[in-house]
Amino acid sequence: MANGKNENAKDQYSATDAFELALEETDARYVLRLYVTGMTPRSQKAIENIKEISEEHLAGRYDLEVIDIYQQPERAQEAQVVATPTLIKQLPLPLRKLIGDMSDKERVLVGLGIQQKE
Amino acid sequence: MRDTEQSRGPARIELPKSPTGIRGLDEITLGGLPRGRTSLVVGKAGSGKTLLGMEFLVHGALDFGEPGVFISFEETPGDLVENVASLGYDLNDLQERNLLAIDHVEVSRSDIIETGEFDLEALFIRLNYAIDSIGAKRIVLDTIESLFSGIANTGILRAELRRLFFWLKDKGVTAVVTGESGGTTMTRHGLEEYISDCVILLDHRVDDQISTRRLRVVKYRGSVHGTNEYPFLIDEDGISVLPITSTGLSHTVTSERISSGVERLDAMLDGEGFYRGSTIMVAGTPGTGKSSFGASFVNAACLRGEKCLYFSFEESPDQILRNMRSIGIDLAPHIESGLLEIHSSRPTMYGLEMHLVMLLKQVQEKQPGVVVIDPLTDLIAIGSTKDVKVMLTRLIDYLKTNRITALFTHLVYTRKKMAPSDLAVSSLIDTLIQLLDIESTGERNRGLYVLKSRGMRHSNQIREYRITGGGIEFVDVYVGPAGMFMGTARLVQEAKERAEAEARRDEIASRQRELERERSIMEARIALLQNEFVSREGELQRMIEAESRRQRVIDADTRAIGELRKADASDDDKKIRTIREETEEKR
């Protein structure tokens, strides 16, 4: 195993870099579901924000599904969604629920596990 | 309920209500919860909020044709189904029949990260979805305050809750929202701020180690409601609140009379026994046979074919059966035929209210003609005088309204007069029979009198009774100048009286005999005198006759001499002669 090598790398790079490196190494795919209520300004804002963050940090290795629970109310029930917009990080585990319009980028990154809480 | 609303007058528009189907609660709220509005049910953990909500839905679905949605924020649907299965509600079945929808809303802060502006539209959509899927008319949100533990931004949350309650009203469903009691505010997060149509408070208190559940309607906008704290019970049939069906002393009465089961006691009560629907108390010191009177009464009622309930706080049903059999009252056949039910429980098992709730519940189910509580004292002992009176008033009101004749036995410890607390209760009683324990000449005897009996000319006599193998038997009490005699003293007195009477009779007889003798002496004397008289009379007669003969001889001689002397008789002589001759002839 390459554990020793990794630890040396950690010493040289910042924590974030090390984390991103680890992610690249595991090549984790992100399965994201965004539950919105129609095309309200808040829904649109959330969609824009999450797309931007995903493209920036998870380019090429994420699936984003946008679900309009007006159309599919039973899916809100299945996924235990209470607030809208809600982003559920299905994979990688652990499962995370992010509510709001995703305008607090810092917290979105923490929630997605891309960035660690400072 | 609609009918009664209308009967109050067409001018008044009553708030439309959704009956809960919970025994007693609909009476307190005069029909149920406000239809199409949101009611708040507040209580501590374990106070029965969830159950109340669930019963509201189940009764709505089964009894009133209103399907319902249960939104659980705490328990999972599986748990809910299990929890109420013990009450005989099959939620799975209701769900299959589209009478009930359960949605579990899981909120935990640990996995929720807030990233900006949000709303609770998803919750609204879920509620809407659940409501529309079965055409629900009722909804329960249990306990919506859980949202506060999952969502940190209380500003948004509060605004959204406010919107939610408006939305529910718009939707036209009758909603029940439960909330945990808080410290300074009624609910932990001040839900009462948003819900103001109807607030019901559930309480679970422990006084003197006896727990009592109580319910109070704190407010009910647009409707009158009972404002007291009402005790309620959760048992195998769910919630039942002690109802107050009567609003005052307005019950109609009957003049029908029913036997006390003791013939000569009936005789003391105007000859006909108790009034049907009256409340009777049999009070007495220990061992005076209170239970026997109760059993006699029950036995007579069962023989008439009436249903009876016997509540015992001292003896088990078996013990009662055995003991009553020993005095010739066999209650077993009545139990077998289903006419009689004996319920025994320890007075300390529940609080006073709980006992009365249980009692009323049994009465409602059985619909008996006669109820016996033996003894009432045990209930009084577990509550304060005031509580007892309030509770008993409710109980008696209920029984009277339903024309149930109630006999309470009451244990009195003092031999003289009843204690003040007893008197407080006694004012609710129509017929009060006092049993006495009379000690004299080294023995104890039982006596009885009717202290009061409303509406009849009852006897004022003290009667002695005996409890024999054939039941309760009355004996005439001997009241003499020296006081009242009972038992052996009475027998002694009676014997003494008999002896005296005998002696008097003897004396009269001997006097009569003496007189008889005197009479015969007298008669003998009379006969003697008569004989004497007769003989004297005869003697005189003989003298008269001799004299008249002699006269005749003399006359004849005189005439002869005169003829011889040729003398003529004087006129006088002729006259005398004529009279004499006439007299002679007469004789």
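In the predicted model, L87(A) stands opposite L98(A) of strand β4(A). Helices (H or I, at least four residues) and strands (E, at least two) are DSSP runs, numbered from the N terminus. Residues are numbered from 1 along each chain as its sequence is written, and chains are lettered from A and ligands numbered from 1 in the order in which they are written. Because the model is predicted, local features need pLDDT of at least 70 and side-chain atom pairs count only at pLDDT 80 or more, whereas totals for chains, interfaces and linings use all residues.

The pair L87(A) and L98(A) belongs to an antiparallel pairing of β3 (residues 86–91) with β4 (residues 96–99), both of chain A, over four bridges. Two strands are taken as paired if DSSP finds at least two bridges between them. These strands are part of an open sheet of five strands with mixed pairing, in the order β2(A)-β1(A)-β3(A)-β4(A)-β6(B). At its edges are β2 (62–68) of chain A and β6 (112–114) of chain B, each of which pairs on one side only. From one strand to the next the twist averages 20 degrees. For angles, axes are lines fitted to C-alpha atoms, for helices over the stretch in contact, and values run from 0 to 180 degrees between N-to-C directions.

Strand β6(B) joins the sheet through β4(A): the two run parallel and are linked by three bridges.

Helix α3 (residues 41–58) lies across β1 (30–36), β2 and β3 of chain A and runs at about 170 degrees to β1(A). Helix α5 (residues 105–112) lies across β3 and β4 of chain A as well as β6 of chain B, at about 165 degrees to β4(A). K51(A) is located in α3. This residue counts as partly exposed because 15 C-beta neighbours lie inside 10 Å; a residue is buried with 20 or more other C-beta atoms within 10 Å of its own, exposed with 12 or fewer, and partly exposed in between, with C-beta atoms placed from the backbone. The C-alpha atoms of K51(A) and M102(A), which are 51 residues apart along the chain, are separated by 10.0 Å.

Across the interface, 29 residues of chain A are in contact with 21 residues of chain B, contact meaning that the C-beta atoms, placed from the backbone, lie within 7 Å. On the side of chain A that touches chain B, α4 (73–78), β4 and α5 each supply at least two residues. The residues of that side divide into 14 nonpolar, eight polar and seven charged; Ala, Val, Leu, Ile, Met, Phe, Trp, Tyr, Cys and Pro count as nonpolar, Asp, Glu, Lys and Arg as charged, and the others, Gly among them, as polar. The model scores ipTM 0.76 and pTM 0.64.

Chain B has 18 helices and 25 strands. Of its 587 residues, 40% are buried. Among its contacts between residues at least 6 apart in sequence, 70% join residues at least 24 apart.

A second open sheet, of nine strands with mixed pairing, lies in chain B in the order β17-β16-β18-β19-β15-β20-β21-β22-β23. Within it, β20 (residues 431–440) and β21 (residues 443–453) run antiparallel and are joined by ten bridges, and S440(B) has E443(B) of β21(B) as its bridge partner. Helix α10 (residues 290–303) of chain B runs at about 165 degrees to β18(B); β15 (279–284), β16 (308–312) and β19 (405–411) are among the strands it lies across.

Elsewhere in chain B, β11 (residues 229–235) and β12 (residues 238–241) pair in the antiparallel sense over four bridges and are joined as a hairpin through two residues. L233(B) has S240(B) as its bridge partner in β12(B).

Helix α13 (residues 352–366) of chain B has 15 residues, which at 1.5 Å a residue should span 21 Å, and its end C-alpha atoms are 21 Å apart, in agreement; the expected span is 1.5 Å times one less than the number of residues. Its buried residues include L352(B), M354(B), L356(B) and L360(B). Q367(B), which follows α13(B), has a positive phi, near 50 degrees.

Chain B has a mean pLDDT of 83, and 90% of its residues reach 70 or more, pLDDT being the predictor's confidence in each residue, from 0 to 100. Over residues 1–11 of chain B pLDDT stays under 50, and for these residues the model has four contacts beyond four places in sequence.

Definitions and conventions: Two residues are in contact if their C-beta atoms, placed from the backbone, lie within 7 Å.
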